[in-house]
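Here is a short briefing on the fold of a two-chain model. Please keep the structure open while reading.

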Amino acid sequence: MTKSCQWVESRLESYVSESLSPAERGELDRHAADCAACRSELAAFAEVDALVAEHFRRRLSRASRSVRPVVRPLRPVGVAAASLAAVWIGYAALAPDAVDPDTADKDTAVPDVERAKPDPDPEPAIALSEAPLQPPPAPVARFRVQDSAGYFHSLEDFSGSVLVLGVVDGNAATAAAFEASYARYAGESGLRFLAVPADGVDLDAPRFPTMANRASTLLETDPGEFTIISPDGAVHARGTLDNGDLAAAIDASLRLWRDRVPVTR
Amino acid sequence: MNPSATDSVLNKSGWAPRAGDAPIDFDLAAREHRPFLMQVAVATTRNVDDAEDVVQEALVRAYKGLPNFRGDCPLRVWLARIVVRVSINHHRSFVRRVKRWVLFGDLEREDSDGRAAAFDAADPAGKVELETLLDVGRGIEALPDEFRVPLLMLAVDGLTIPEIARILEIPEGTVKSRIFYGRKRLKKRLMPSLAARSER
């Protein structure tokens, strides 16, 4: 193991948890680009994370399948009706939609999770609902990326810094423009670079930080474009990567925020 | 392009109302956050079939405890904290009550060639071998809660490390360390499977 590999190993935890300074991160990226062993180590972490995500997805799928069906009470008859209604209350709480809002008691503050009125016209026998209960589809995130070690990141993780986000398409000039800006400005404190390959684009040993998009809109940044995000998370500038806009936009951002961005050394 | 209020993507939704604000519509909040809380429960329960019960119990407790909600964190974080507590306690009390029972859902069967197989179907995409997934499941279940829970919570849609830290009420650095060491232990355990996969 070379000294550099030891250095990487000692910083692996900080690297995968995004705690390294930009300078050290860049150094580690450069080492990993040339060192198969370290690259393999990082890839193994990414693979473990993918397996954990798959395990979680299966658990979630199984949990959704095991949601109890809605059971409706028999027509109320004395005590038996009361006890069945109690059962129904328990199950109705699992399916808020099963409570008819028109018949719900609007005067009480008790929510559906505790309250459920018996159906005024219940089915004559116990019936299982045919439609399985499914959670509504999750909204598409505006920004969700995954690093090489498998960690997911939201925009919050970049707060406090000016983030230069580039969506690199298959055009070599796009990647070259981003690489040139990274090489020129990487030493600026409070400035972070992140390139995200567009769908289907496979970057070969990039010399700038990259993460994979995970089904987000990337702040509506199209392939071949960049977005500069202010330290408080607002979109500051957008432009096309390969026409020189990027350097001008970074210069303008630095002038605006240089004094306000905390130095992180 | 000038920044605008609508461009801000760091504004949180779901903060508790302060004095003078409208009161929380708990019914609406419960419906809105239920899918998220379900994911948190799936990440924290040992027995996944309990997840729905855990969410239900947590929502009932949250409703009863709503007057104690100080509004110092987003409502969904507060609700998720309750889910985590109910989930852990649910498992402990369940284990106490039925520790000698075997849950059919946890059983594995053996195929004719003696290889272990779960009752669940293999992943529909067919990307990961069943044996590997079983290994992953066993490895995760073998982790103590302090490593297992943050590791799985990272897979919850949209949940970030700062938010996990707030839900578990531990520092961000601790969350990162626990996730890292959880994954390291898992990596060590899965090394043969990973090596076999990379050779293919």
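**Briefing: folds of chains A and B**

Read along its sequence, chain B follows the pattern α-α-α-β-β-α-α-α-α. The model is predicted. Chain A reads α-α-α-α-α-β-β-β-α-β-β-β-β-α from its N terminus. The points below take chain B briefly, then chain A in detail.

**Chain B in outline**

- Chain B holds seven helices and two strands.
- Of its 200 residues, 34% are buried.
- Take the contacts in chain B between residues at least 6 apart in sequence: 65% of them join residues at least 24 apart.

**Chain A in outline**

- Chain A holds seven helices and seven strands.
- Of its 265 residues, 31% are buried.
- Take the contacts in chain A between residues at least 6 apart in sequence: 63% of them join residues at least 24 apart.

**The three-stranded sheet of chain A**

- Three strands of chain A form an open sheet in the order β2-β1-β5. Their pairing is antiparallel.
- Strands β2 (152–153) and β5 (212–213) of chain A stand at the edges. Each has a single partner strand, so one side of each is left without a neighbour in the sheet.
- Strand β1 (residues 145–146) of chain A pairs with β5(A) over two bridges, in the antiparallel sense.
- Within β5(A), A:Asn213 is the residue that stands opposite A:Val145.

**The four-stranded sheet of chain A**

- Four strands of chain A form another open sheet, in the order β4-β3-β6-β7. Here the pairing is mixed.
- Its edge strands are β4 (191–197) and β7 (235–240) of chain A, and each pairs on one side only.
- On average, neighbouring strands of this sheet are turned by 15 degrees against each other, direction ignored.
- Strand β3 (residues 162–168) of chain A runs parallel to β4(A), and seven bridges join the two.
- A:Val168 stands opposite A:Pro197, a residue of β4(A).

- Helix α6(A) lies across β3 and β4 of chain A. It runs at about 160 degrees to β3(A).
- Helix α7(A) also packs on the sheet. It touches β3, β4, β6 (225–229) and β7 of chain A.
- The direction of α7(A) makes about 165 degrees with that of β7(A).

**How α6 and α7 of chain A meet**

- Helix α6 (residues 172–185) of chain A and helix α7 (residues 245–257) of chain A have axes that come within 9 Å. The axes cross at roughly 30 degrees.
- Angles under 35 degrees count as roughly parallel. The helices α6(A) and α7(A) are therefore roughly parallel to each other.
- The crossing of α6(A) and α7(A) is right-handed.
- On the α6(A) side, A:Ala177, A:Ser181 and A:Tyr185 make the contact.
- By class, the contact of α6(A) with α7(A) has five nonpolar residues, one polar residue and no charged residues.

**To recap**

- Chain A carries an open sheet of three strands with antiparallel pairing, and an open sheet of four strands with mixed pairing.
- Helix α6(A) lies across β3 and β4 of chain A, while α7(A) touches β3, β4, β6 and β7 of chain A.

Terms used
Residues numbered from 1 in each chain as written. Chains lettered and ligands numbered in written order. Predicted model: local features only at pLDDT ≥ 70, side-chain atom pairs only at ≥ 80, totals over all residues. Axes fitted to C-alpha atoms, helices over the stretch in contact; angles between N-to-C directions. Parallel < 35°, antiparallel > 145°, perpendicular 65-115°, else oblique. Left-handed = near helix turned anticlockwise from the far one by under 90°. Contact = placed C-beta atoms within 7 Å. Nonpolar A, V, L, I, M, F, W, Y, C, P; charged D, E, K, R; others polar. Pairing = 2+ DSSP bridges. Buried ≥ 20, exposed ≤ 12 C-beta atoms within 10 Å, placed from the backbone.
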